[in-house]
Amino acid sequence: MSTTDDRFELTVAECARYVARHGKMPTRHTPDAGDRSLGLFLQRIRQADRGTTKDIILSPDRIAVLDEVLPGWRGRGARRDVDEQIREIAAFVKRHKQYPHNRAVIDEAEPRLYRILNHLRRAADGKGNVALTPERCELLDKLLPDWNRKADV
């Protein structure tokens with residue numbers, strides 16, 4: 001196990017101790033600076049889980065540690081993860097026979113799906129904050145073969 005993995009597991013254990021003491025997860029708004037850093041850690045981990053950050057990739061081993069040591073770490077009301085949103089875009093395309101766009105809206109979800117698709121396209125260009133992992137690219141290519149075209153027709 002690497003030093004980074006050790007530090008990760010220690011921080012997860014600190015979060016679990018916080019929950020045992022306070023009966024709730026730490027947040028970035030927690031008054032104590034040390035506890036606030038735990039809240040910031042959880043925020044970043046949740047972002048990584050949703051795929052909305054490029055600088056942290058959660059491995060299956062780390063997710064297993066989180067699930068075991070810190071049940072409920074994903075929190076209430078967690079936003080849908082990016083892979084689920086990709087599936088939603090694919091369902092839209094299948095249903096409407098076109099990619100979502102911001103003109104002549106044909107579905108109430110279309111503007112949101114259009115924004116998500118644009119975030120994915122920006123990530124493919126190395127911009128934005130969506131983590132475009134090889135697995136996510138494979139999912140996109142499988143469900144939306146021409147997802148990264150530059151102009152919607």
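## Ground rules

Because the model is predicted, local features need pLDDT of at least 70 and side-chain atom pairs count only at pLDDT 80 or more, while totals for chains, interfaces and linings use all residues. Residues are numbered from 1 along each chain as its sequence is written, and side-chain values use heavy atoms, with hydrogens and water left out.

## Overall fold

Let's start with the whole chain. Its secondary structure comes to 6 helices and 0 strands, in the order α-α-α-α-α-α along the sequence. Helices (H or I, at least four residues) and strands (E, at least two) are DSSP runs, numbered from the N terminus. The C-alpha trace spans about 55 × 35 × 25 Å along its principal axes.

Of the 153 residues, 37% are buried; here buried means under 20% relative accessible area, exposed means over 50%, and partly exposed is in between (1.4 Å probe, protein chains only). The chain exposes about 9400 Å², and carbon and sulfur atoms supply 52% of that area. These areas come from the Shrake-Rupley method with a 1.4 Å probe, and for residues only the protein chains shown count as cover. Taking contacts (heavy atoms within 4.5 Å) between residues at least 6 apart in sequence, 53% join residues at least 24 apart.

## Two nonpolar cores

A nonpolar core is a set of buried Ala, Val, Leu, Ile, Met, Phe, Trp, Tyr and Cys residues joined through side-chain atoms within 4.5 Å. The largest one has 18 residues, and the members that touch the most others are Ile-86, Ile-89, Leu-120, Leu-144 and Trp-147. At least two residues of this core come from each of H4 (82–96), H5 (110–124) and H6 (134–143), with H4 giving the largest share, 6 residues.

Setting aside residues up to four places away in sequence, Ile-89 touches Pro-100, Leu-113, Ile-116, Leu-117, Leu-120 and Leu-144. A second, separate core holds 16 residues, including Leu-38, Phe-41, Leu-42 and Ile-56.

## Charges over rings

Arg-62 sits over the face of Phe-8, at 4.4 Å from the ring centre, and Arg-121 sits over the face of Tyr-99, at 5.9 Å from the ring centre. The rule asks for NZ of Lys or CZ of Arg within 6 Å of the ring centre and within 35 degrees of the ring normal.

## Cysteines

A search of the whole structure finds 0 disulfides, a disulfide being a pair of cysteine sulfur atoms within 2.5 Å. Cys-15 is buried, with a relative accessible area of 0%, while Cys-137 is partly exposed at 24%.

Glu-84 lies in helix H4 and is partly exposed, with a relative accessible area of 40%. The C-alpha atoms of Glu-84 and Asp-67 are separated by 20 Å, with the two residues 17 apart along the chain.

The loop between H4 and H5 contains Lys-97, whose phi is near 60°, a positive value in a residue other than glycine. Most residues other than glycine have a negative phi. Lys-97 is exposed, with a relative accessible area of 70%. Val-105 also has its place in the loop between H4 and H5, and is partly exposed at 44%. Leaving aside neighbours within four places in sequence, Val-105 is in contact with Glu-110 and Pro-111.
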